Amino acid sequence: MPHQLSTFQLWQRLTSAVLLLAAPMLLASCNDKIDIDALNAKALQRQKEVRTADSLAITKYIADSSFINVQRQRSGLYLITKVPGTGTPPTTGQQTTVIYRGTLLTNQVFDAGLGADGRPAPITFPVGRGVVIPGWDEGIGLMRKGQKAILLIPSELAYGPSGAGSRIPGDSPLRFDVELTNIQ
């Protein structure tokens, strides 16, 4: 499943993030001619460009799809309710069970969420604990038991510039059709 992270993957992301944050200092200590401010400005500019591109791609996708019940979050995540649920949304740490299907905005399926028998294979994870991509933590955290929805997730809340294997290119906004089947 490309959206669940193993302990090793979490460790890799953590060490990568630390190295990215420390890289300017390491470079500066190796070579006094490195302009840290320029590197930071370039990184911020790239982040802004990716956010803008994701926002344009997602809003075009929404307009082309004629969705209703669209809710945009401050993070850039969109929640589109297809079938409302009942009760209250899960709180951080509660176990949630979800049936899903993941596609690129080109409608190319990268994860059908199926088990070996070809049937939908629900996954269970604690919401808000970083076990899944940030867009799932946020999106599933907004849903109610029984709710069916579409999550449109900007790349920075998904797999970022690195993507995920050969199926999800870097900087790809994603669509997940999800059903929250249980909250414990």
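In the predicted model, Asp137 touches Phe125, Pro126, Val127, Gly128, Arg129, Gly130, Val131 and Val132, with residues up to four places away in sequence left out of account. Asp137 itself belongs to helix α3, which spans residues 134-142. The residue is buried but forms no salt bridge; Arg129, the nearest side chain of opposite charge, is 8.6 Å away. A polar atom of the Asp137 side chain does, however, lie 2.8 Å from the backbone nitrogen of Gly128.

Helix α3 also contributes to the largest nonpolar core, a set of 27 residues. Within this core, the residues with the most contacts are Trp136, Ile140, Ile153, Phe176 and Val178. At least two core residues come from each of β3 (95-104), β5 (123-126), α3, β6 (148-153) and β7 (174-183), and β7 provides the largest share, with five. Ile140 is in contact with Pro90, Thr96, Val98, Phe125, Val127, Leu151, Val178 and Leu180, neighbours within four places in sequence being excluded. A further core of eight residues lies apart from the largest one and includes Ile58, Tyr78, Ile150 and Leu152.

The chain as a whole contains three helices and seven strands, arranged along the sequence in the pattern α-α-β-β-β-β-β-α-β-β. Of its 184 residues, 35% are classed as buried. Among contacts with a separation of 6 or more, 69% join residues 24 or more positions apart.

Terms used
Residues numbered from 1 in each chain as written. Predicted model: local features only at pLDDT ≥ 70, side-chain atom pairs only at ≥ 80, totals over all residues. Heavy atoms only, no water. Helix = DSSP H or I, 4+ residues; strand = E, 2+ residues; numbered from the N terminus. Buried < 20%, exposed > 50% of the residue type's maximum accessible area, 1.4 Å probe, protein only. Lys, Arg positive; Asp, Glu negative; His and termini not counted. Salt bridge = Lys/Arg side-chain N within 4 Å of Asp/Glu carboxyl O. Polar contact = N/O pair within 3.5 Å; in protein donor to acceptor, adjacent residues only side chain to side chain. Contact = heavy atoms within 4.5 Å. Core = buried A, V, L, I, M, F, W, Y, C linked by side-chain atoms within 4.5 Å.
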